[in-house]
Amino acid sequence: MQHLIVLPVVLPLIAGILLLFRRQWAIQVQRLVGTIATSLLVVVGIALVARAAGGEVTYYALGDWQPPFGIALVLDRLSALMVLLTAVLALGAVVFACAGDDARGSNFHGLFQWQLMGINGAFLTGDLFNLFVFFEVLLLASYALLMHGGGKARIQAGVYYVVLNLAGSSLFLIAVGVLYGATGTLNMADMAVRLGELPAERAGLVTAGGLMLLVVFGLKAAILPLYFWLPRAYAAAPAPVAALFAIMTKVGIYAILRVYSLIFGDHAGPLANLEQAWVWWLSLGTLVAAGAGVLAARDLRLLVAYLVLVSVGTLLAGIGMGSPSAVSALLYYLIHTTLITGGLFLLAELIGLQRGKAGTRLVKGRPLRQGGWLAGMFFVGAVAVAGLPPLSGAIGKALMMSAAEGSQRAWLWPVLLGTGLCALIALSRAGSTLFWRSQGELMGQPLPRRQWFGVVWLLGASPLLVALAGPVSNYTQATAEQLAHPQVVVNALLNDAGGMP
Amino acid sequence: MESLYAITTGVLTACGLYLVLRSRTFPVVVGLTLLSYAVNLFLFSMGGLTTDGAAILDGPTDYADPLPQALVLTAIVIGFAMTAFVVILAMRARSEAGNDHVDGRQQEDGEDRP
């Protein structure tokens, strides 16, 4: 199947257009179309991973314009993994939304598909300007999804989010402009080659452009000085949207990983790894700030939003260490944390639904009708996200800590373990308040099966990741190896005479 | 011409940045618009400024880089759509929160107390 690579972009696009064009369809039909399209995306994701697992880098030249001139979609192990991860997360979120969240506003399913299109496109593209376009696509859909259902808190959080991201987009364009002006290309592989033979007087320009890109990706990924938009936006968003947003910060992480490993790899001479020093210290700062936020949160959804920040800090620390083993560990942790925080957002919504007026605030409230089951799920999620054995968080953190070398250990170990302790304290306090300190009579309705499916689907990933730790970490190790040798991508794209249509 | 172009872009960016940092939504929207104008101008100049050059490769020497023009076109479309969206969002926030401050609260320094 030569057209397989473009499917993750085209499939949600068609589904989204169909859903928007046929708005008068009954909500059941819309749900069916949305769920089927997302399930197909999971199948496509599995096929892509199977194809990329061999280590071959393939590309799809849109309109048969061969790189470096046309826009190419590039498939390697990393992008295949991210597409599959997005699809799995989205399936849980979309099924959860089918229980009623999608009917609170208009066009939920169409926007959801377009958001998926933007995310998948950002993972697959091999062109810097195209990355900007797909960022805009996913942001546009996310603006509307964040405010799905309306309400004061959402609109307020939305204003911040939109204004910040628009300013970020401007900066992205400036950075792309600077890099194009200095190197004369936008194709990432071609740019990597040209950086190797860059005249010395342009090195300053490229450094400025490269670091501006770091600011933009840092804004998306929510690194330390740029994260203040995140907790409010994620806590205000509707639950299935917040769950999908768990992948959005990872888009920023992915972009940092991709751009700085491919363009600013070892071959770039004096410009090699120019992000490393910044990312390492900022990641530790993010971890500390997120740990404080986790302890201070007085609302379960806010707590989970800060847990997303903890994961961002941990992932960035992996990038800051830079060695292939650290990248492999961060990829394993990335799979784990995306699915678990997504699941926790959904679970928080379920708990809030059964507590009546108290909602997800961490105060004394009514007892829960299905408290036993919810508490069990919460326990699983908390153990996984805090990084306790036997679930996947512990494996991810252990991999990460064993990848640290020399003086990195002295910094990473206490900060990472301390943040884990903060998360543990905050989660056990939240759990005991939610499930044990209750008064009044039972109020809530039993929850629909679709919502349970969404939560179990995502949280169930944690035991699964433990059971399959061997194959998964083999794959992430191979991915890290591939990222450490950007020459393979360059060769596949630029020196390959026979192309695909 | 280069210096005039650079100064124009710089002044637009500075004004845009200043307005984005204001506390009311209307200046912020205007600031974002100015910022996107500045970025469009900047993108336009990134292939090098050429006067009287054909837009396509015409002969060996005298032509303007066509790629920035395509990029600017994309950026203009996206910027225009986003401005429209932000205007609607600002109006929505005004009606939901009852005032036009970006953070939804009245200013405390007494400047605009009713």
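Predicted model: local features only at pLDDT ≥ 70, side-chain atom pairs only at ≥ 80, totals over all residues.
As for burial, chain B has 114 residues, and 25% of them count as buried.

Now, how does chain B meet its partner? On one side we have 19 residues of chain A, and they are in contact with 24 residues of chain B. If you look for elements of chain A that give two or more residues to that side, you find helix 5 and helix 6, the latter spanning 152-183. Helix 6 of chain A supplies the largest share, with 15 residues. By residue class, the side of chain A that touches chain B splits into twelve nonpolar, five polar and two charged.

Let's stay with helix 5 of chain A for a moment and turn to its packing inside the chain. Helix 5 covers residues 128-146, and its axis comes within 8 Å of the axis of helix 4, residues 108-124, with the two crossing at roughly 155°. That crossing makes helix 4 of chain A roughly antiparallel to helix 5 of chain A, since angles over 145 degrees are counted that way. The crossing of helix 4 past helix 5 in chain A is left-handed. Which residues make the contact between these two helices? From helix 4 of chain A, they are A:Leu111, A:Phe112, A:Trp114, A:Gln115, A:Met117, A:Gly118, A:Ile119, A:Gly121 and A:Ala122. From helix 5 of chain A, they are A:Leu131, A:Phe134, A:Phe135, A:Val137, A:Leu138, A:Ala141, A:Ser142, A:Ala144 and A:Leu145. Sorted by class, this contact of helix 4 with helix 5 in chain A has 14 nonpolar residues, four polar and no charged.

Helix 13, residues 300-321, and helix 17, residues 407-435, pack at an angle of about 165° with their axes 11 Å apart. Helix 13 and helix 17 of chain A are therefore roughly antiparallel to each other. Here too, helix 13 of chain A passes helix 17 of chain A in a left-handed crossing. If you want to highlight the contact on your screen, pick A:Leu300, A:Leu303, A:Leu307, A:Val310, A:Thr314, A:Ala317 and A:Met321 in helix 13 of chain A. They meet A:Gln408, A:Leu412, A:Leu416, A:Thr419, A:Ala423, A:Ala426, A:Ala430 and A:Leu434 in helix 17 of chain A. The residues of this contact between helix 13 and helix 17 of chain A come out as twelve nonpolar, three polar and no charged.

A:Pro389 and A:Pro390 are joined by a cis peptide bond, with omega at about 10°. You will find A:Pro390 in the loop between helix 15 (371-386) and helix 16 (392-403) of chain A.

Then come the positive phi values. A:Ala222 is not a glycine, yet its phi is positive, at about 65°. A:Ala222 is in the loop between helix 8 (203-221) and helix 9 (230-236) of chain A. Is A:Ala222 buried or exposed? A:Ala222 is buried, because 26 other C-beta atoms lie within 10 Å, and 20 or more is the cut-off. A:Asn273, also a residue other than glycine, has a positive phi near 50°. A:Asn273 lies in the loop between helix 11 and helix 12 (276-296) of chain A, and with 14 C-beta neighbours inside 10 Å, A:Asn273 counts as partly exposed.

Last stop, A:Val363, which lies in the loop between helix 14 (324-354) and helix 15 of chain A. With 12 C-beta neighbours inside 10 Å, A:Val363 counts as exposed. The C-alpha atom of A:Val363 is separated by 30 Å from that of A:Gly285, and these residues are 78 apart along the chain.

Note on methods. Residues numbered from 1 in each chain as written. Chains lettered and ligands numbered in written order. Axes fitted to C-alpha atoms, helices over the stretch in contact; angles between N-to-C directions. Helix = DSSP H or I, 4+ residues; strand = E, 2+ residues; numbered from the N terminus. Parallel < 35°, antiparallel > 145°, perpendicular 65-115°, else oblique. Left-handed = near helix turned anticlockwise from the far one by under 90°. Contact = placed C-beta atoms within 7 Å. Nonpolar A, V, L, I, M, F, W, Y, C, P; charged D, E, K, R; others polar.
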